[in-house]
Amino acid sequence: GKSTIAQTIAERIFADGQLGASFFCSRDFEDRRNLHFIFPTLAVQLARRYTEFRSIFVPLVRSDPAIVDESLYNQMRKLIVEPLEESGISTVIVIDALDECKDVEPASAILTVLGQFVSEVPKVKFFLTGRPEPRIREGFRIPLLAEATDVFVLHEVESSQVDNDIRLFFKQGFLELTHRRHELDGWPTREQLDLLCERAAGLFVYAVATVQFIDHRNNDPKRQLDRLLRSPESSAREGKTRLKANTTLDSLYTSILHEAFGDDDPEDDPKNRSILGAVILAANPLSPSMIATLLGFGTNDVSLPLSSIHSLLILQDNADSPVRSFHKSFPDFIVDPTRCIDERFRVSPRNHHMELLIGCFNLMDRTLEKNMCKLPDAVTNSGVPDLRERTERYISSALQYACKSWHKHLVDEHTVRTPKITSVLHRFLENKFVFWLEVLSVLGAAREAVDALDLVTKWLEASPAVELASDCFRFVTGFFEVIDESAAHIYHSALAVSPQTSMVRKLY
């Protein structure tokens, strides 16, 4: 419920003209789980919203554009606090789901910084949400922040209120269903509704997934409800929170998976697990068509299994629209052998990161070539007015993902170092390295090359491929500005003036 509440509050205060800026963190998107994107994003929104803020903010960024790469402390002080102090604006800022940002600090880095500055902007209210993870709790205990903060704990809401809301939700969902299907008069019974509410145990995600499961367009709702209520009950945990002994999300998830895939040919299980793995483990959400391209399936071969479990996913009719899990608890369930006890459905991060990695390499090996976007000779990227249109025309969404994200599957903690992977990586660097840099350059993602090669050289350790990877890393860091500004000048400038002894120069 925390994100729903944050969204509702943001909408209401926006309607009242009080919302200055908002940032909804999400583990599903790289640019929404990066802490260093929060304050610049909020500052840009404040500048668009308030003329007084904009008159201070714009000259600041023009004089010091590198400020976006500075520490969180400096970002907050320069981009948020000082312009707010000087302009005297009164506003509300919403930051949702802090727990979904990558943060290695013992106490939330964002909350730590807010604690240092909160007293300097007394006319600004911050509305923050997050799961009660240790670093979030520690962040709110920082003395300066604790003094200025009211805490509302969602799971301490009186259970009778939550149960009443869930019952209302079930009634409304079933009422809409009976209006569409006239043979359902008098359904469900009071006893069935009581049992559903008991099983929900205060979890709205259970109620939402239940209604979607029962409302599957290809199945009889009465049969779906009977099947669900007959399903074996479990005492597993959702996260670390113990639910009622006879009520868990896990029993619902298991029922949905059995309903979707239980009667399938067991030979289809590896394909179904691979598709689920791509949904759960992707660095950014993938569409069915992208999953098909990366894993070597037909688009329908991906769309059909996903539509079978539509109650667990945010899934559009368009095969080119990204698909995500409806709630974080499903990815947690599907990779945990103590919760997803049926091996037919369980996703192995180690195996499926490997599949996605190989899929990325295979796609890049097949499709990367010199000057893919047909750019004029020696031009800078900014000198191509239709660069965006060219990239969309010549570089598929799947290839864009592969180029920007392959290393995130390689260096994941679950990915095992094997001769097969090191061999594929070595071949990629020997044959496709500069074409890969071209794609990152035109996508404005040259920094991904630095991150990828830095991580790869550490991951390879003493492998035979590490010498070439290290030389590629030196090439990228030594000519980063050239690569960032012009795909064409990777050849005209970077390669042309690189050392004679450079392995990259010799290869390309």
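A: Glutamate 70 sits in the loop that joins helix H3 (51-63) to helix H4 (72-87). Helices (H or I, at least four residues) and strands (E, at least two) are DSSP runs numbered from the N terminus. The model is predicted, so local features need pLDDT of at least 70 and side-chain atom pairs count only at pLDDT 80 or more, while totals for chains, interfaces and linings use all residues. Residues are numbered from 1 along each chain as its sequence is written, and side-chain values use heavy atoms, with hydrogens and water left out.

Glutamate 70 has a relative accessibility of 19% and therefore counts as buried; buried means under 20% relative accessible area, exposed over 50%, and partly exposed in between (1.4 Å probe, protein chains only). Neighbours within four places in sequence aside, glutamate 70 is in contact (heavy atoms within 4.5 Å) with His36, Asp64, Gln75 and Lys78. With the side chain of lysine 78, the glutamate 70 side chain makes a polar contact at 3.1 Å. A polar contact is a pair of N or O atoms within 3.5 Å; within protein, one must be able to donate a hydrogen and the other to accept it, and residues adjacent in sequence count only if both atoms are side-chain atoms.

Residues up to four places away in sequence not counted, asparagine 381 touches Leu387, Ser441, Val442, Asp484, Glu485, Ser486 and Ala487. The asparagine 381 side chain reaches the backbone nitrogen of alanine 487 at 3.1 Å.

Asparagine 371 is also in the loop between H17 and H18, but with 27% relative accessibility it counts as partly exposed. Its phi is positive, near 50°, in a residue other than glycine. Alanine 97, also not a glycine, has a positive phi of about 65°. Alanine 97 belongs to the loop between strand S2 (91-96) and helix H5 (109-117) and is buried, at 0% relative accessibility. Most residues other than glycine have a negative phi.

Among the helices, H20 (residues 419-431) has buried residues Ile421, Thr422, Val424, Leu425, Phe428 and Leu429. Seen down the axis of H20, these fall within an arc of 160° and so line one face of the helix; the arc is that of the directions from the helix axis to the C-beta atoms. Pro419 and Lys420, on the other side of H20, are exposed. The helices that the buried residues of H20 pack against include H17 (349-367), H19 (397-410) and H21 (433-442).

Trp406, Phe433 and Trp436 touch the most other members of the largest nonpolar core, which has 113 residues. A nonpolar core is a set of buried Ala, Val, Leu, Ile, Met, Phe, Trp, Tyr and Cys residues joined through side-chain atoms within 4.5 Å. Beyond four places in sequence, tryptophan 406 contacts residues including Leu425, Phe428 and Trp436. Another core lies apart from the largest one and has 38 residues, among them Ala43, Leu84, Cys101 and Val124.

Over the whole chain there are 26 helices and five strands, and 48% of the 508 residues count as buried.
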